[in-house]
Amino acid sequence: MAYNLQTLITILEGILDPDQPRWVVDENNPQLRSLLDKATSLQQLVDKSSLTKIDSQIRQVAHQAHDIIESHMVNHMLSGSNCVRFTFSTPDLQQVTRDLDSVIEQVKKLVEMEDKKMLQELDSATEQVKLVEVEDKKMPSSSSSSVVVGIDADLMQLKDRLTDVEKLQIVPIVGMGGVGKTTLARKLYEDPLIVGHFDYRAWTTISQNYNIRQILKSLLGYITGKEYDQHNDELKVTLRKNLFGRRYLVVLDDMWSTQFWDEIKMYFPDNNKGSRIVITTRESGVANYVDSLSLQHQVQLLSGSESWNLLHQLVFREEDCPHVLEVIGRKIAGHCGGLPLAISVIGGLLSKIERSEDEWKKIGKDVKAAIAESGEQCSSILSLSYNHLPNHLKPCCLYMGAYPEDYEIKGSRLVHLWVAEGFVKSNKERSLEEEAKDWLKSLVERNLISVRGKNKYGNSKSYSMHDMMRDVCIRKSDEDKFLHVKNGPELTFSNPRRVSFDISNSMDNVNVLTESMALTRSVIGIGDSQRDEIPPVAFFSSRLLTVLDLMYINFEEFPTEIFEFVNLRFLSIWCRSRIPRGISRLQNLQTLIGYVWFDVSSELWQLSELRNLNVREIQLLKDKEMNYCVLKKLQIISVTTLTREAETWDGFLKSIPNIKKLGIDDGYSRRSTAIDLSHLLELEILRCNYIRIIPFADGSDDCSKVTFPCNIRKLVLCGCEINSRVLGTLCELRKLEVLKISACSFKREEETSDEEWEVAEGDEFPSLQFLYLEFLILVSWIADWTNFPRLHHLRVDNCIYLEEIPSGIGEIPTLQLIELDGCSKSAVASAETIVEEQQSDYENYDLKLSILDPR
């Protein structure tokens, strides 16, 4: 598997990086460089082919090289030697190189054979397409052959789109495999209104390995009823001629490739006749490529009641279902996760067995096992989505199998895990995290994972995978020896690279034979809530651990055995005690997440690989005591409290020059020290807690106590002391898109009992899109549309004293939503007036108002 090679490549690139400060590789540099070049070449070869016969050999040699190299690294770091120079065993490296050479030769030969067989495969594909054509033409109408539930609203929307305007339009129908895209398209295609509306209708199935010639012949067969035996270019011209001047409907079912669209798009003429092209695809990216302006119709999973209705119709048709079977049947339908394909498979099974309580209960005990045993249809259809993934996305998809059914995981956590695992390829122009975020987005667009939660700013926050797709990932992981999901005492294969266990269900089975996990790299403990500390487990003997996620286990004392895992790149832990001296031994650590404190915070600044730090508290001492080193790779610090005995923040801030996300907290002390962040040019997200952001009391300095960097995109001020003059300085942040002001106290220039925010004339937040005011003792807010010219969303929560929303806010041309929660009646009335005037006077129906819990 090429994704195994990427992990090896990441390790080798890290060792050979001339900027890494941990060691010098001199004697073995040529061998390691050669090994890196060979691994990279092999990865490129495999990426360009569709080979699967040699997967096991690639995995074996990649794992062997990975194990040898990291074992040497770990041995050196644990030896206690201060020497920065070390060497690898030459025979070991030579053997790995020979094995890699052998695999490369095999791949080259297989690629040549693959090219020679191309014509034979095309001929075979031709025959398959002919069979598909016959099946398509013989396919009976949906009304007589299939049971359809829950698509009436979809049909109405789509029929309107197919018949509303005269310009040629693309109508993409998008969704995960088995969700019913083709069924919906077929019902639409055969609807009497649609049949009568179009002069020509044509349907063809594209699939992954399409044959353009047979597709063209299929389309022409529907349109003219004739057989054609022409070259491809002639067929394309014939298709265009026959469609020209006609109102036509063409359905391109199961489209996977943008290349196909490039080949055929120019042969669908636009005659302003109201023609339509419907495409069904699992990949939103393909639909967007075909027409970026067309609204994608996302086919949703069925609700619980719709799932039962479908199952009922499949099993009983028009008959009534006995009550005792309905109770069991609803549970069975629920276990299908709203996926019509799974419901159809289980419905076919139930329709063939005895209608008895005992027989149905047997099926209900393990619905997914019953689906798997009843045939490969469901698994095969879902597996297509995984098989079609580019190699670099496959391990990211398989990783979702580590989490329990219906589990919701934060996207940020996935990103840091993928980086720590070595999945993400280095790109000099973008950070690893930026690359990984794009990969996460790509899995969503391919409908392999779904967005489960969004933050208050409307951005995707958490994700999950459908249970049926998760089962495919677990099965693939088992085949590839990628991941063992621990549901019992036995491992399905020895030395799994990754082990996942659910602490709430399988704690009795966490301990496994030590020798079975000697080469394990990742241990992931999952739970719905914190669990009391568990006994020592076998993973404490896995010396090569890279990922250790124990966030859902409460440790009374920090397990110091963790300090022996010098290969760790990701550590997540919950501990009631302070972390003792020793964290600096984890020289490879990239991400540290946990509810933890430190005995010696200065040790953190010895971790040169650190990229993400999210802990309970860091105590900042004087610069000399902290002994700050510059952490060039550190991008995120999300601490709850930065306790400070130092006189300034200078040493701390200068040590994190490339930070992108920063949380600073003055611990309620509101000291008078100025905080200058202006040199943090990469900083995009900043949270300030309990900081006195006002000018010096004697008026000697007209600047605010915090000097903000110019590239800030998101700023959160919580519990801070501010005034209008301070907020006026924020207008200088020309890239600021999100501003949240929570539980802050507004100090007026003149002494008065009322708190007021008056945005001065000429003060403009030029890029601000989201303004969030929360828990403010604010009475008066004076502003107009010129102060917030690009605002999209205004949210006001629990500002109970605020008398009104400024009327000029409604005149902002980009404003789409005003949300009020827990606000006064007068503030609610002012917001209602704003929206009513916009609708009545300016016909601005795009502006929406949401009111929750009015006071």
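Figure 1. At 30% relative accessibility, Tyr-595 is classed as partly exposed, whereas Trp-597, at 18%, is classed as buried. Here buried means under 20% relative accessible area, exposed over 50%, and partly exposed in between, with a 1.4 Å probe and protein chains only. The ring centres of Tyr-595 and Trp-597 lie 5.1 Å apart with their planes at 85 degrees, so the pair is edge-to-face. Rings of Phe, Tyr and Trp (its six-membered ring) pair if their centres lie within 6.5 Å; planes under 30 degrees apart count as stacked, over 60 as edge-to-face and the rest as tilted. The model is predicted, with local features requiring pLDDT of at least 70 and side-chain atom pairs pLDDT 80 or more, while totals for chains, interfaces and linings use all residues. Residues are numbered from 1 along each chain as its sequence is written, and side-chain values use heavy atoms, leaving out hydrogens and water.

**Figure 2. The surroundings of Tyr-189.** A search of the whole structure finds 18 aromatic pairs. One of them joins Tyr-189 and Trp-203 edge-to-face, at 5.4 Å centre to centre and 75 degrees between the planes. Tyr-189 belongs to helix α8 (residues 181-190) and Trp-203 to strand β2 (residues 200-205), so the pair ties together parts 14 residues apart in sequence. Helices (H or I, at least four residues) and strands (E, at least two) are DSSP runs, numbered from the N terminus. Both Tyr-189 and Trp-203 are buried. The charged end of Arg-201 sits over the ring of Tyr-189, 4.3 Å from its centre; this requires NZ of Lys or CZ of Arg within 6 Å of the ring centre and within 35 degrees of the ring normal.

Figure 3. Trp-757, Phe-765, Trp-781 and Phe-788 form one aromatic cluster.

Figure 4. Lys-361 and Glu-357 meet in a salt bridge of 3.1 Å, N to O, the term denoting a side-chain nitrogen of Lys or Arg within 4 Å of a carboxyl oxygen of Asp or Glu. Both residues lie in helix α17 (residues 357-365), 4 residues apart, about one turn of the helix. Lys-361 is partly exposed at 41% relative accessibility, as is Glu-357 at 33%. A salt bridge also joins Lys-362 and Glu-359 (3.3 Å, N to O). Lys-362 is exposed at 54%, while Glu-359 is partly exposed at 25%.

**Figure 5. Salt bridges elsewhere in the model.** The count comes to 35 salt bridges. That between Lys-159 and Asp-191 spans 3.2 Å, N to O. Lys-159 lies in helix α7 (residues 152-163) and Asp-191 in the loop between α8 and α9 (192-197), so the pair ties together parts 32 residues apart in sequence. Asp-191 is buried, at 14% relative accessibility. Asp-67, Glu-70, Arg-497, Arg-521 and Arg-569 are linked in a network of salt bridges.
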